[in-house]
Amino acid sequence: MHICVVTHILHVMTQTLRDEIKQAKPFRSPREEAYLNLVRSGALLQHSFAEMMKPYGITSTQYNVLRILRGAGKAGLCRHEIRDRMLTPVPDVTRLLDRLVNAGLVTRERSEADRRLVTARITEEGLATLADLDRPTARELDRLLGHMGEDELDRLSELLMEARARA
């Protein structure tokens with residue numbers, strides 16, 4: 001790793017959120033600080049993943065849809081089912097699917113019995129793209145979260161689920 005990158009990482013690790021966002025005043029409460037830490041961390045982690053996926057020509061949102069469809073198998077899913085399973089809500093799943101269809105990563109098929117029902121399925125090319133991303137994704141997760149042990153990660157997940165349940 002380049003020395004400037006290492007220096008930047010070490011500097012960020014020793015900074016508080018207030019330093020990082022250049023806020024002079026203290027936070028109003030520990031809850032506010034925790035919330036802002038969560039938002040800032042989520043944004044930086046998402047950005048890191050988006051940068052890692054750029055060479056593969058897909059966005060994090062498209063990657064999420066491909067993973068959902070890979071999990072659905074040959075049966076596929078309709079756009080509402082995809083929408084309900086997405087990590088980050090998007091306003092227009094149809095347009096997102098259009099882009100994946102145009103890229104050859106997904107197909108759509110209208111039901112003969114009910115013309116309103118359109119099923120999306122991942123293509124072989126979509127599966128190959130995900131297979132190509134499996135190792136880089138695992139490496140990125142190790143880089144971003146590898147400093148935590150399994151117990152810490154389990155506890156972090158529990159705390160985040162509790163907070164999400166209140167949203």
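Two bridges link β1 and β3, and the two strands run antiparallel. Two strands pair if DSSP finds at least two bridges between them. Helices (H or I, at least four residues) and strands (E, at least two) are DSSP runs, numbered from the N terminus. The model is predicted: local features need pLDDT of at least 70, side-chain atom pairs count only at pLDDT 80 or more, and totals for chains, interfaces and linings use all residues. Residues are numbered from 1 along each chain as its sequence is written, and side-chain values use heavy atoms, leaving out hydrogens and water.

**Sheet**
- The open sheet has three strands in the order β1-β3-β2, with antiparallel pairing.
- β1 (77–78) and β2 (106–110) are the edge strands, each with a single partner strand, so one side of each has no neighbour in the sheet.
- C78 lies opposite T119 in β3.
- α4 packs on the sheet and touches β1, β2 and β3. Its direction makes about 95 degrees with that of β3.

**Nonpolar core**
- The largest nonpolar core holds 23 residues. Such a core is a set of buried Ala, Val, Leu, Ile, Met, Phe, Trp, Tyr and Cys residues joined through side-chain atoms within 4.5 Å.
- V65, L66, L69, I82, M86, L97 and V106 have the most contacts inside this core.
- Two or more residues each come from α3 (30–53), α4 (60–72), α6 (93–102), β3 (118–122) and α7 (124–145).
- α4 gives the most, with five residues.
- Beyond four places in sequence, M86 is in contact (heavy atoms within 4.5 Å) with T61, N64, V65, I68, V93 and L96.

**α4 against α6**
- The axes of α4 and α6 come within 11 Å and cross at roughly 80 degrees. Axes are lines fitted to C-alpha atoms, for helices over the stretch in contact, and angles run from 0 to 180 degrees between N-to-C directions.
- α4 is therefore roughly perpendicular (65 to 115 degrees) to α6.
- T61, Q62, V65 and L66 in α4 meet L96, L97, R99 and L100 in α6.

- Q62 belongs to helix α4.
- Not counting residues up to four places away in sequence, Q62 touches G57, L96, R99 and L100.
- Y63 is also in helix α4, and is buried at 8% relative accessibility.

Methods:
Buried < 20%, exposed > 50% of the residue type's maximum accessible area, 1.4 Å probe, protein only. Parallel < 35°, antiparallel > 145°, perpendicular 65-115°, else oblique.
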